[in-house]
Amino acid sequence: MSKTLVEKIWDAHVVKSEEGFPDILYIDTHLIHEVTSPQAFDGLRKRGLPVLRPKQTVATADHNVPTIDQHLPIKEELSRYQVDMLTKNCAEFGVELYGLGHPFQGIVHVIGPELGITLPGKTMVCGDSHTSTHGAFGAIAFGIGTSQVEQVLATQCLLQQKPKTMKIEVNGTLNAGVRAKDIILYIISKISAAGGTGYFIEYAGTAIQSLSMEARMTICNMSIEMGARGGLIAPDEITFEYVKGRRFAPQGEAWDKALAYWKTLYSDADAQFDSVLSFDAADIEPMITYGTNPGMGMGITQHIPATAAQPDSEQFSYQKALDYMGFKDDEPLLGKQVDYVFIGSCTNSRIEDLREVAEFVYGRQKAPNVEVWIVPGSKQVEKQAIEEGLDKVFEAAGFGLREPGCSACLGMNEDKIPAGKYCISTSNRNFEGRQGPNARTLLVSPLTAAAAAVTGQITDVRTLLNHPELA
Ligand SMILES: CC(C)[C@@](O)(CC(=O)O)C(=O)O
Ligand code: SF4
């Protein structure tokens, strides 16, 4: 019987399936961080239970960590407490922790892939809705809640309803200045922040298959931002090349065996999806969000869609979003001054992202009216960026390479955007107060962020690509 890729991986991990009940799903790898694990460990402690498979559990500190002077004690009391609790819990339950100062530390969805922990065909969960990132490797990866974190720690299994499947095809060639982040922001702007609810999405098509693994991770990372359970891309030679030789990837005969299995991981030609959407890469221009959910995005040269053009039921919340952002119906965003540029987060903070920013700002200066924070996704990304001299390029442009963490993606550590300030951000959420109370977030690609860093305003990067003398 023909199957989609999701069905193939799901069915290979079902421990028990009974009509009218959720499946019992085996979890290959459980990733944890300091925010959503304390209560789960407390639950085990109260019931006197161990972590069933500590060797299949990996922890890191990323949300609450500072991104400068990480060698010093964390200043914020709550952040320090969260990180200390993670250290204590991992020591007590025998879980490997890549904590502050460890050479493998970083954002949980950056370190899994770069360490070869994220592999095709796996089931992977984390108490974090951006766990879908790992689907870029052809894994079923999704976010879970704290009580489910406890369930997986105790049983290495999870009760889950089998999700519906959606195929999103993007075919064709990307225009100049258009990157993976623009693809996913475009898709979400077309189907809305709820368009994928209840589905597990498979991204396919020639434009997707032409992307690097880092770019594929950017796409899968934001599956949740359209309500999807997760997102994945069938593994191929680009995937295998990326994984080969990584620290925890299979080696030798185990590699050969794994590769033979991974090559069976694709949706059968006649597999039935519950929904299929198609997009043309040629229609996509550099994107930017103007509102307070990732679905409120538009091409950077466009004008903000009118409130009256929204469905009646959405007009109140739409207008409220524009008021929060200080924007009006039908106004253009190009040329608007911004205050901060944040390049980081599990969406865009990998070496490919930093290289692209460095290439763009090389020989240029940041604008005097912006503060630029560039935050590597992990210690390994930081190390590689320094080895490649990218830190020197950033310093010459007027901003320094910080240390790894979630940073300004969310207001849970020292890196907060002040109230009322506009932040051009390569992260994945622009909710009210996400980057700090009353901060105003404009989601873009790293390339568009680099352009704003140089001009100090919302900029169509293609202008500068075509006319380097302009900035
Ligand atoms: C808030 C934080 C813990 C989180 O990582 C949680 C999540 O993604 O579920 C986020 O980015 O919103
Ligand atoms: S970088 Fe942002 S979105 Fe990603 S895990 Fe951290 S807080 Fe969540």
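Before anything else, I noted that domain bounds come from an automatic or database domain assignment. For this protein, the assignment gives domain 1 (5-276) and domain 2 (287-470). I also wrote down that this is a predicted model, where local features need pLDDT of at least 70, side-chain atom pairs count only at pLDDT 80 or more, and totals for chains, interfaces and linings use all residues. Residues are numbered from 1 along each chain as its sequence is written, while chains are lettered from A and ligands numbered from 1 in the order in which they are written.

**Entry 1: the two domains**

I looked up the spacing and found 24 Å between the domain centres, taken over C-alpha atoms. Next I checked contacts (two residues whose C-beta atoms, placed from the backbone, lie within 7 Å). On that basis, 39 residues of domain 1 are in contact with 39 residues of domain 2. On the domain 1 side, the elements giving two or more residues are α4 (108-114), α6 (180-191) and α8 (213-221). Helices here are DSSP runs of H or I with at least four residues, strands are E runs of at least two, and both are numbered from the N terminus. The largest share of that side, 6 residues, comes from α6.

**Entry 2: ligand 2**

Where does ligand 2 lie? Both domains give residues to the shell around ligand 2, so it lies between them. I counted a residue as near if its C-beta atom, placed from the backbone, lies within 6 Å of the molecule. There are 13 residues around ligand 2, and Ser-345, Cys-346, Cys-406, Cys-409 and Leu-410 come nearest.

**Entry 3: the cysteines**

I checked UniProt, where an unreviewed entry lists Cys-346, Cys-406 and Cys-409 under "binding site". They are spread over 64 residues of sequence, yet they cluster in space, with a largest C-alpha distance of 8.7 Å. I kept in mind that such annotations may be inferred rather than shown by experiment.

Is Cys-346 buried or exposed? I used these cut-offs: buried means 20 or more other C-beta atoms within 10 Å of the residue's own, exposed means 12 or fewer, and partly exposed is in between, with C-beta atoms placed from the backbone. Cys-346 is buried because 27 other C-beta atoms lie within 10 Å. I found Cys-346 in the loop between β15 (340-343) and α12. Cys-409 is buried too, with 29 other C-beta atoms within 10 Å, and sits in the loop between α14 and β17 (422-425).
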